[in-house]
Amino acid sequence: MSTLPNQSDIGEPSPGWRQRVDELAKPAPLLSPPAPWLAFELVGLALVPLIVMSYILWDRQVIQWSLTLDPSQLEWAQFLSHAAHGKVIIPAMVVLLVVSLWLKRAVLQRWTTVWILGFAFESIAVNLLKIFFGRYRPKTLGQGFYGFEPFSVGYEMNSFPSGFFAAGGGVVGGVVRRRARLWRGWIVAALGWGSCRVFSHAHYIGDVLAGLYLGAGCTFLAYAILRRKAWWNRQFESGGVG
């Protein structure tokens with residue numbers, strides 16, 4: 001008759017085995033964000049039809065409604081919408097980099113370089129896309145212009161995507177990538193701030209959504225490139241992003 005083996009014959013489970021069991025036993029957090037690139041791709045798949053629907057259903061109507069408002073009621077939108085101007089973003093990044101070097105904060109230095117490189121990518125991409133699409137700005141709606149004039153150059157025909165909001169989206173993308181647990185709040189705040197560009201009649205809703213996506217994507221791309229560089233990873237603090 002066979003007997004059960006003694007515990008000494010089996011041996012103690014390895015620490016690695018116990019750790020894996022403990023991890024499997026932990027409840028999964030609700031609505032935890034997926035891997036950044038997977039999330040980025042999924043959002044892109046949903047964003048394209050949303051921008052098309054916005055062009056057909058909402059863009060013109062929202063601008064026409066906002067034109068009926070008292071201009072004094074929209075002064076706040078004009079002020080806040082310029083917070084992501086290159087004249088604000090670039091000096092802020094330079095100051096942040098100088099402060100991080102002075103304080104010798106390695107993580108802050110590395111993420112400032114991510115934002116600067118991402119801003120460079122975003123600037124090139126935005127200007128190329130503006131020329132490619134040639135979308136009329138909302139301020140020309142009263143003159144009967146609505147739609148696209150591809151391969152056109154000029155302020156009145158470079159509404160898509162929003163360059164201001166691409167810069168802001170790059171900053172938000174970096175924060176979300178660094179502190180993934182805060183992604184919902186930052187995205188909601190970004191969309192709320194993006195409405196300022198709409199109510200200031202500088203962009204349509206679809207322009208703002210595309211700018212946010214493009215800016216975040218350029219920051220993710222900059223992070224992916226720099227993460228492979230030894231000098232960027234040197235002395236990276238424990239617990240940093242992976």
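Leu191 is found in helix 8, helices being DSSP runs (H or I) of at least four residues, numbered from the N terminus. The model is predicted, so that local features need pLDDT of at least 70 and side-chain atom pairs count only at pLDDT 80 or more, while totals for chains, interfaces and linings use all residues. Residues are numbered from 1 along each chain as its sequence is written, and side-chain values use heavy atoms, without hydrogens and water.

Leu191 counts as partly exposed because its relative accessibility is 39%; buried means under 20% relative accessible area, exposed over 50%, and partly exposed in between (1.4 Å probe, protein chains only). Leaving aside neighbours within four places in sequence, Leu191 is in contact with Phe165, Leu209 and Leu212, contact meaning heavy atoms within 4.5 Å.

Phe165 belongs to the largest nonpolar core, which has ten residues, including Ala190, Val208 and Leu212. Such a core is a set of buried Ala, Val, Leu, Ile, Met, Phe, Trp, Tyr and Cys residues joined through side-chain atoms within 4.5 Å. Helix 7 (163–178), helix 8 (183–199) and helix 9 (205–226) each supply at least two residues of this core.

Buried residues of helix 6 include Trp111, Trp115 and Phe119. Gly134, with a positive phi near 60°, follows helix 6.
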